[in-house]
Every structure is written in structure tokens, then in C-alpha cells.
Amino acid sequence: MAKTKVIEIEPVSRVEGHGKVSIHLDDHNNVQEARLHIVEFRGFERFIIGRPFWEVPVIVQRLCGICPVSHQLAAAKAMDVIVGAKKLTPTADKIRRLMNYGQIMQSHVLHFFHLCSPDLLFGFDADPEIRNVFGIIKKMPDLAVQGIMMRKYGQEIIRATSGKKIHGTGSVPGGVNKNLSVQERDSFLKEIDQMKKWALGALALAKNYTLEHIDMVREFAAFNSSHLSLVREDGALDLYHGNLRAIDAGGNIIFDQVDYKKFNDYIMEEVRSWSYNKFPFIKSRGHIDGWYRVGPLSRMNTIGFIDTPEAQKALEEFKGLTKGKPNHMSLAYHWARMIEVLHCVEKIEELLTDPDLQGNDLLVKGDRAEEGIGVVEAPRGTLFHHYRVNKDDQVTYCNLIVSSTSNNEAMNRAITKVAHDHISGKPKITEAMLNHVEVAVRAYDPCLSCATHALGQMPLIIEMYDVNGSLLERKGKCL
Amino acid sequence: MKKRLATVSLAGCFGCHMSFLDIDERILDLMKLVQFDRSPLNDFKKFKKRCDIGLIEGGCCNEENVHTLREFRKNCDVLVAIGQCAIMGGLPVMRNAIMHAEDPLRECLDTAYLNSPTVFNASNDIPNDPALPLLLDKVYTCAEVVKVDYQIPGCPPSGDTFWLAMTFLLKGTAADLPYELIKYD
Ligand code: SF4
């Protein structure tokens, strides 16, 4: 067999968290394989065991500083089941939804403006000196300020509903711990028109980029796949609650309106030796063909409609591009993301005018249960939390499938395709070529922090070193 | 002369970096004062020049974290540990307690490969690729590995805390933070 050499992109930058890419090449620089490795683990699923259940929403959100609210909400929904809260009060339900919209808005905006816009606006092969948010601030200060202010708005919504911008405490088992004051409401309402204008502007930017580069977008890291998300009972986009729907590459239903509490019957995760991240797949289709994508692009493919007017209009245009068939282009994630930002702004406006937000009925409880499953649509896709709690209120079991894990196979396919198309056979491999690979990863907005959460999913500790680098212990496979 | 600033996220959740961005529009002012060197916010994967200030989020859970942290110490005049993870290990340090369990390895394996209903592992192969950095025996705080000059507590420190601390650091003095900005959450 021919010798292979390996190029590493490390760390993958302008994504959130820690990962690296390795590209295996033969003597003629033909790409043999490209892999995205999740290189770290922190161990949440294991060390949460034994903790009191009411701590869980606060602890697990520290998986991730970009989407803490999603983890807080998924855990709180699971704990609602534990405390027997069958139906939250309208105030609690709406405060949580508001928090979720604030979260998705700020996360999408951060990803688009702070992390990705440099690739789109300056070009994938632009000078790395300016190809970053600081370059945008320098060259396009107006646009940069819009991004900063929209993110700030989302973060302020989170602070008002959750207590802090990052790692707050708002959602608790059975409800929430505060409502929204009239002053807070009014300060948000004052800015909502501005936000809508900017959201429309960002949407136009993402859309025009896609249409102007459509030949490239159709090719770049594009491949067919199944898609999965929550949808509301009537098929509408719902980012907080719903049932599972999966479609295949042609848009045919694989399963629909599945109660997410049964997700264990539908989804499994494959372990591969080269990543701490697992590879989920739809059980009925097997581990080879069962992989799927999640996130904004998938949601635009699975849902029937959006229940806010401007975003629905945008969705129709988006679907027009592929004549109503599923859109499989990795770079179309950006456009889909900006449709969701607009939707969030419209929803925030709708909620702010709802007097339920000032209600004082915050908590419910009922008969204790021993097992709880909570699922939400996080910015990056469907997020599953599953817990068991014993009579002494201690967590005895925890399993999390995070959004970026669901996109693991897709991201690996994306980088492999880009590596083949842009690196294979080239005599000299440049920084710009490697950035193409990263652009493919970034399209998925992977939350590598989330993906590194698992100790429960941790592989064998191969060798253990102390901090001075001396080998403490070596273990082989002992399964 | 602008000061050079480098930042990195080790075994953290990226929340400290996010909170840094919560200085919002003040980042425009900051950019008049600093030049960013290596940081996950740009594509400089190695140090370009010696830096005045290095901000570290997260402690060390694998050999790569240790290596990166030492690089930062070598290349930065002032090293600042940001947030509970960098200062005290934060939540990831909870795994140190499990390490004292009777057979932690077995336990981890059981949790990972036997007891999780969603796992499919046909070959019973365990992630062991050379591309994966080796895990440390336990999670270390930054100060256990290198000399740390300043610490800014909080999980994460708020945007305001970052802003005020930065203004002090850029002046070259120790930050005198008011009580309300120092949080140990
Ligand atoms: S200190 Fe808190 S916010 Fe910062 S990295 Fe650690 S968990 Fe995240």
C-alpha cells in the first residue's frame, strides 16, 4: 500500500469548541480520507450521576457557552416529567419560549456575523489577516455593528428571562422562577422594529449570497441525506416543543409525529475509533444508510410551514430554489439560519405583547416520576436529554444526544468532499485550500463544546499521563 | 502601539469567550487599543508575535491543553486565567472525584458501551486513534501547570467584568474590580 501523509488543521478555528481535521494524502497528494476529530471530553453524563435532579438544568448548560439555554430547557423539560408537571402554566411556557427565541437569535447571529461572514464577504481564500470578525469591523463597520446589536438583543432577552446572559437559572423543574417585568417588556418592544429591519437585511445578505454563487453552492460540500427535526402537530416550525419527523433525501416521510419520549426506539449511535463524538443513525435504516442531518437546513426541509408571515414568505422563496424538494446544499444552512432569525424576531414581538408574560403563576407539580426525557430544537438541531432519578432525588442515569453529534457524519462527508474537490492532486497545498475545508465545517455551525461533553460516551482511556508527561498507566482494550 | 492579545479555550465550554463578546459595541473601542494574535475568533493557529496579554479559558484535561497552556506562558507577558474552569477546574473537575471510584475505567466503559440504550458498536472497538490527544489522569487548573498572573472569577465573568478588567490590564495594573462584578457562580 502506498505511504500516506497526514495534514492536520488544528485547531479548527472560528467554530465553537475544540476539534481538528486530519486529511490523509498519498504521494501524489490524492486525498484518501478526511476526518473531523472531536478531541476533548469533559464527562457530564457520568459525573451528573448522584447529583440532585433540581441541579441538572444549571449544571448541564455548562456543556456549552453558546447554547446554554437549549441545554437548560431540554433538561428542565425532562425534569418537568420527573416532578409530574404535565402542563406548565401559560406564563412558564411562554417565558421559556421567549428565552429560547432569544437564544436561537443570538446564536445564529453570532455564527453568521462573528464567525462566518468573513468567509462569505471576503472570500474563502482571502488574507487570513482580515478574514475574521475584526476585519469585518474594520472594513464594514455598519454591518458589524448590526451583528453586535442583534446578538446583544438576544442576549438581553436571555438575561431578562433566565437571570444571566450565560448560564442563568430561569427554567426550573415544573416551570420558571421569574416572569417578565413591564419595564423589561417595554425596553424590548422599543427596539423590535429595528431588529426586524436588520433581520430582513441579514436574510437578504444570506439569500443573495446563495443566489449569486448558486453554481458553487450547489456543488460545495453538497450531498443527499435524510433530515430530522421536531415539528408542531400541524407541521409548523416549533423550536421549543413538538414531535419528531424524519424525511429521506427525496422528501418522503420516514417517520412522523413520533412522541419524542420514544426516541430510544428510533435513534441509535455508532461508535468509531477516531472520534470522541458518536455517529447517530435512524434505527430502521441501519447504521450505514441511517445517518441524517439536523439544524436550520433540515428544519426548512422537514416542516410544512412557518407560522409568522415574513419568515413564511422567506421559506417559500427558499423552497422555490429546489422546487419544493429537500435542499441538500451545506452552504444553504446560512440562508436557512437567517430565516430562523427573522422568525425568532417575529415570535419575540408576538410574545412581548402577550400579557401572560407578566403572570405570577410560575410553577406546577404533580406525581413524581422516575424517568424524564426532554427534547428541544437547539440552534444547531434536535437536542435529546434523557434522565432517571431515584426516590432520594438523585440522578441515576443520563444520556444526551447533542445536535452537533447528529451532524457528525454529515460534517465528515462535507470535509471529505471538499478535500477531494479542492486539494486532491494539487502539487502545493495552501492555507486557502485548507480554509475551504473549514468553511465546510463552519456551515454546520458545529458546537464542538457540546460534542465533547461525554464521559459516559468516553472511549477507553488509552494512556494516562500526569501533568509532567510521565506515563502513569496504560490500558489496552478491556472490553 | 497597540497591545497584542491572545485568547484560547482549553477544557471550557466557550462561555467565557462568549461573555467576552458580551462587551458588545465596546469591542469597537477595544480594537483601537489591541491587536488580536492567536484566538479562536480568527484563523491564526500559532502565535505570530510575542503578546502582552494572554487570556485562558478552561483548565487542562488532555495533553494538548497542557501543551497549549505552556505555549501561552512562553509567548505572553501577562497570563490571565478566566472563569471557574481555568481557575478551579470548574465543572469538568467533577470527573476527578470519579477517578477515586473503585474501578473508574470500568465504570466509564459500562456507562459508555454497555448501559446506554442508544449505542451501536459492532466491532467493540474503542476510540483510540493516534489523532486523539491523550487524556490526563485528572483535570488540572491552569495554575497547577504554569504560573498564572491574574484570575478573573465567574462562570462566566460578565461582559462588564471583562471590560473593566481589560481596561486595567491594558494600563498594566492589577484590576481593582468592584464587589458586584466579582462572582463565584
Ligand atoms: S467558567 Fe463557566 S463559562 Fe467559563 S468555560 Fe467554564 S463553564 Fe464555561
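The following legends describe close-up views of a predicted model.

Because the model is predicted, local features are given only at pLDDT of at least 70 and side-chain atom pairs only at pLDDT 80 or more, whereas totals for chains, interfaces and linings use all residues. Residues are numbered from 1 along each chain as its sequence is written, and chains are lettered from A and ligands numbered from 1 in the order in which they are written.

**View 1. The ligand between chains A and B.** The shell around the ligand holds 16 residues, of which G12(B), G15(B), G83(B), C85(B) and C155(B) come nearest. A residue is near the ligand if its C-beta atom, placed from the backbone, lies within 6 Å of it. By class, the shell comprises 7 nonpolar, 7 polar and 2 charged residues; Ala, Val, Leu, Ile, Met, Phe, Trp, Tyr, Cys and Pro count as nonpolar, Asp, Glu, Lys and Arg as charged, and the others, Gly among them, as polar.

**View 2. Helices of chain B at the ligand.** Helix 1 (15–21) and helix 4 (83–88) of chain B each contribute at least two residues to the shell. Helix 4 of chain B gives the most, with 3 residues. Helices (H or I, at least four residues) and strands (E, at least two) are DSSP runs, numbered from the N terminus.

**View 3. The cis peptide bond between C155(B) and P156(B).** Omega of this bond is about -10°. P156(B) belongs to the loop between strand 8 (150–152) and helix 8 (159–171) of chain B. C155(B) is also one of the residues that come nearest to the ligand.

**View 4. Positive phi at F14(B) and H167(A).** F14(B), which is not a glycine, has phi of about 80° and is placed in the loop between strand 1 (3–9) and helix 1 of chain B. F14(B) counts as buried because it has 27 C-beta neighbours inside 10 Å; the term requires 20 or more other C-beta atoms within 10 Å of a residue's own, with C-beta atoms placed from the backbone. H167(A), also other than glycine, has phi near 60°. H167(A) is in the loop between helix 6 (141–162) and strand 4 (171–172) of chain A, and counts as buried because it has 25 such neighbours inside 10 Å.

**View 5. Helix 4 (residues 90–122) of chain A.** This helix has 33 residues and reaches 46 Å from its first C-alpha to its last, close to the 48 Å expected, that is, 1.5 Å times one less than its number of residues. A kink of about 65° lies at C116(A), shortly before P118(A); the bend is the angle between axes fitted to the seven residues ending at a residue and the seven starting there. Helix 4 of chain A is mostly covered, with 27 of its 33 residues buried. Just after helix 4 of chain A, G123(A) has a positive phi of about 105°.

Key. Buried ≥ 20, exposed ≤ 12 C-beta atoms within 10 Å, placed from the backbone.
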